[in-house]
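Trainee: I would like to go through how the labels on this model are assigned. Can we take them one by one, with the cut-offs?

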Amino acid sequence: MKKLLTALLLVVVLTAEAQMRVRTDDDAPLRKLHIAEMAIKALYVDSVDEKKLVEDAIRGMLEKLDPHSSYSTPKEVERMNEPLTGSFEGIGVQFNMMEDTLVVIQPTLNGPSERAGIIAGDRIVSVNDTAIAGVKMSREEIMRRLRGPKGTTVNLGIVRTGIKDLLTFTIKRDKIPVKSIDAAYMIRPGIGYIRIGSFGATTFDEFFEKLLRMQRAGMKDLILDLQGNGGGYLQAAVQVAEQFLEKDEMIVYTKGRSVPSQEYRADGWGCMRKQDGRVVVLVDEYSASAAEIVTGAIQDQDRGLVVGRRSFGKGLVQRPVDLPDGSMIRLTIAHYYTPAGRCIQKPYEKGKQKDYAMDVLNRLKHGELTNADSIHFADSLKCYTLKEHRVVYGGGGIMPDYFIPLDTTKYTQMHRELAAKQIVVQQNLRFLDKQRKALHKQYPTFDEYKAHYEVPQSLIDAVIAEGKKQKIEPKDDAELALTIKSLRMNMKALIARDLWDMTEFYAIYNEDSEIVKKALELLQ
């Protein structure tokens, strides 16, 4: 019987091979792949997940190509697209977890939760009669329960400070916008500041609105902060760069083996061209892709100065290949080049993804992030800007005009451990839970808060005490003094964020930033 079964299986495989030979005689590698998959499915000793087998094969092929060609499952595609498409569907709250309870930081302005009456400080303890507080439910599972298709309803159980009874709210889910502009404000008279977190479908509209608003408020010059910006849509980067350049000035171009080269040039309708004021761009080692396109265009066209540290060096163009089940291959098809001809992509060895992933850490070890003298470029990498013929270098990433070293002493080891264990955030939430109304009453405007508020010693003491419970202590009095100093600034910014928004957070945080200080010095 076993011999008969084996023979039948071999017939299945050989028949399938014969069918494939008819269709794929001209493509021997593809035929090998089909035969291997069919043999495993038919003959392998254990049962196999055929879908996972194919996915692993795709991933294996892509891993041998370059660091950015990748495969994503349907769920991964959905999560990946949310910050780029500019919206998701849900109830619209910013929240944080205080121990094992969801605390609302802010309801989204004009979102479904705000319309239903949810306020900052509310605790969501149940969703559709299922407890989510006190049951150690994961953050991902809580988000899954709160999100859902537009138009569907969800019942929330709410505990509110000062109210004894459990409150119940029925909320109709809606589209919730995802902002890509982290902050925009007048950092000094005549000087605006805009921080772009990523380049998505709504980035240009957000950016243009902020730019016009600040120009009406008297902005002449601009600090464009792209620190930590990992990139996004090429078209969004082109639209932002266009605001600074004259008609037909090059923004970026691409070159690949089998796709035609493509140039992207400014349309000449920008509202922040040279006659409209100066611009300084801020970058760091995590500024990548679309952020590097904008930075490279502004630097190469001598439109503005770049301050910070060498950017990440992600200059590979990916084309999405949609698969029938909703999954996706992102396949590298070309390289990005700045107007002066610099390839943005840093060097890599095919198949050595781990080495590539360790690049930023290696830069730190080699001293590049902390010491400008450790950075050396070969003459072959030398390029010149297009108008003033200043020397710039290729070889991967955008090197700033003014290097600002990473300050490894700004945060002590103690502070980093307190932050890593969520002690700073948790104590901030507890403090705001009791003081939110009083703070709003005492500081009705952010300007008053920024000018006069000081973080109370009791809050600092609470952080230090909780750290001690978790065996986080300073090695000496000097480390304790530095930790307390950085905690005061950090917690003042966090309280501002939770009372207002991210713009207010950066309005405080930036006052202690060496990169921002250098940009202000250049403009002032």
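**Cysteines and a buried arginine**

Mentor: Start with Cys343: the closest cysteine sulfur, in Cys383, lies 11 Å from the sulfur of Cys343, which is too far for a bond. A disulfide needs two cysteine sulfur atoms within 2.5 Å. By this rule there are 0 disulfides. The model is predicted, so local features need pLDDT of at least 70 and side-chain atom pairs pLDDT 80 or more, while totals for chains, interfaces and linings use all residues. Residues are numbered from 1 along each chain as its sequence is written, and side-chain values use heavy atoms, without hydrogens and water.

Trainee: Why is Cys271 called buried, and what makes Cys343 partly exposed?

Mentor: Buried means under 20% relative accessible area, exposed over 50%, and partly exposed in between (1.4 Å probe, protein chains only). Cys271 has 14%, so Cys271 is buried. Cys343 has 22%, and therefore counts as partly exposed.

Trainee: Why does Arg310 count as buried?

Mentor: Its relative accessibility is 13%, so Arg310 falls in the buried class. Arg310 sits in the loop between strand S16 (305-308) and strand S17 (316-322); strands are DSSP runs of E, at least two residues, numbered from the N terminus.

Trainee: What makes a polar contact with the side chain of Arg310?

Mentor: The side chain of Glu368, at 2.9 Å. The rule asks for a pair of N or O atoms within 3.5 Å; within protein, one must be able to donate a hydrogen and the other to accept it, and residues adjacent in sequence count only if both atoms are side-chain atoms.

How values were computed:
Helix = DSSP H or I, 4+ residues; strand = E, 2+ residues; numbered from the N terminus.
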